[in-house]
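Good morning, colleagues. Please have the sequence and the structure open before you.

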Amino acid sequence: MSINRENNSLNANVIYDLTSFTHLDYPEHLSCIVWFSGCNMRCDYCYNKDIVFAKSGKYSYEDILNFLKTRVNLLEAVVLSGGEASSYDLVLFCQKIKQLGFKIKLDTNGTNFLHVKELIELNLLDYVALDYKSPKTKFTQITHSNKFDEFSQTLDFLIKSSVEFEIRTTLHDDLLDENDINEIIIDLKNRKYTSKYFIQEFRDTGTNIANLQRPKKKIDKSLLLADIEIVYR
Ligand code: SF4
């Protein structure tokens, strides 16, 4: 398992930042977002460049737990995001969050399959948002990682599990075309995924890993297969 168990102390400063309140991230829940430093991918369109390249952060787990103690009955959930939160050993942190009564959502690229599985089997996650970056043929080109198979294991595990989850793809129309999205839809259908498929349009925030500009073309949404319900964000 390639997760970081060395930074397991609650005093480790592995959290890049904290968003103390949002109603947008965890469906129908008031939550905060914990942004973990570092990521095992380098997606071309990633606008969280500073977080991805960070080696440490402003806050420790203990800092976040102390913050959460002041938010009992005010917030309902904690979103673990990043970077890639599942690169860290989250068991103890999640147990402490649960003891305070919060639900937990994990945003993940799915490449730390064994750790995500462990967290779900321990009933520490209530919701997972899994990125389906691209079909296997473009995965390394877009993410600069060769971990499609690990992602694939996570996807299969989630589909068979009872945990609530969503699949989402960030669409930069110069990187993915109609055939790529249809390939994802067919793959999801073959794996018996029956829920919604979220497509979030690339956001030009002025900075991203590959210095991408706004896409020069637009995919033709009418050419996308109707086998799965697509929701655009
Ligand atoms: S978009 Fe890619 S590089 Fe950025 S945080 Fe997510 S997985 Fe990491």
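The shell around the ligand divides into five nonpolar, four polar and two charged residues. In this classification Ala, Val, Leu, Ile, Met, Phe, Trp, Tyr, Cys and Pro count as nonpolar, Asp, Glu, Lys and Arg as charged, and the others, Gly among them, as polar. The ligand is surrounded by Cys39, Met41, Arg42, Cys43, Cys46, Asn48, Val52, Gly82, Gly83, Glu84 and Asn109. A residue is near a molecule here if its C-beta atom, placed from the backbone, lies within 6 Å of it.

Two remarks on provenance are in order. This is a predicted model, in which local features need pLDDT of at least 70 and side-chain atom pairs count only at pLDDT 80 or more, whereas totals for chains, interfaces and linings use all residues. Residues are numbered from 1 along each chain as its sequence is written.

A cis peptide bond joins Gly82 and Gly83, with omega about 20 degrees. Gly83 has its place in the loop between β3 and α3. Helices (H or I, at least four residues) and strands (E, at least two) are DSSP runs, numbered from the N terminus.

Leu90 also lies in the loop between β3 (77-82) and α3 (91-99). Is Leu90 buried or exposed? Leu90 is buried, because 27 other C-beta atoms lie within 10 Å; the cut-off for buried is 20 or more such atoms, for exposed 12 or fewer, with partly exposed in between, and C-beta atoms are placed from the backbone. Leaving aside neighbours within four places in sequence, Leu90 is in contact with Leu80, Ala85 and Leu119, contact being defined as C-beta atoms, placed from the backbone, within 7 Å.

Let me turn to the strands. Strand β6 (residues 164-171) and strand β7 (residues 197-201) pair in the parallel sense over five bridges; two strands pair if DSSP finds at least two bridges between them. Arg168 has Phe198 in β7 as its bridge partner. From β6 the chain crosses through helix α7 (residues 178-190) to β7, in a right-handed β-α-β crossover. Right-handed means that, with the strands pointing away from the viewer, the path from the first strand over the helix to the second runs clockwise. β7 also pairs in the parallel sense with strand β8 (residues 230-232), over three bridges. Here Ile199 stands opposite Tyr232 in β8.

Two backbone angles should be noted. Most residues other than glycine have a negative phi, and most peptide bonds are trans. Lys192, in the loop between α7 and β7, has a positive phi of about 70 degrees although it is not a glycine. Lys192 is exposed, with 9 other C-beta atoms within 10 Å. Asn73, in the loop between α2 (61-69) and β3, has a positive phi near 75 degrees. Asn73 counts as exposed because it has 6 C-beta neighbours inside 10 Å.

Finally, the protein as a whole. Its secondary structure comes to seven helices and eight strands. The radius of gyration is 17 Å, close to the 17 Å that the globule rule gives for 233 residues, so the protein is as compact as a globular protein of that length. That radius is taken over C-alpha atoms, and the rule is 2.2 Å times the number of residues to the power 0.38. Buried residues make up 37% of the 233 residues.

Technical notes. Contact = placed C-beta atoms within 7 Å.
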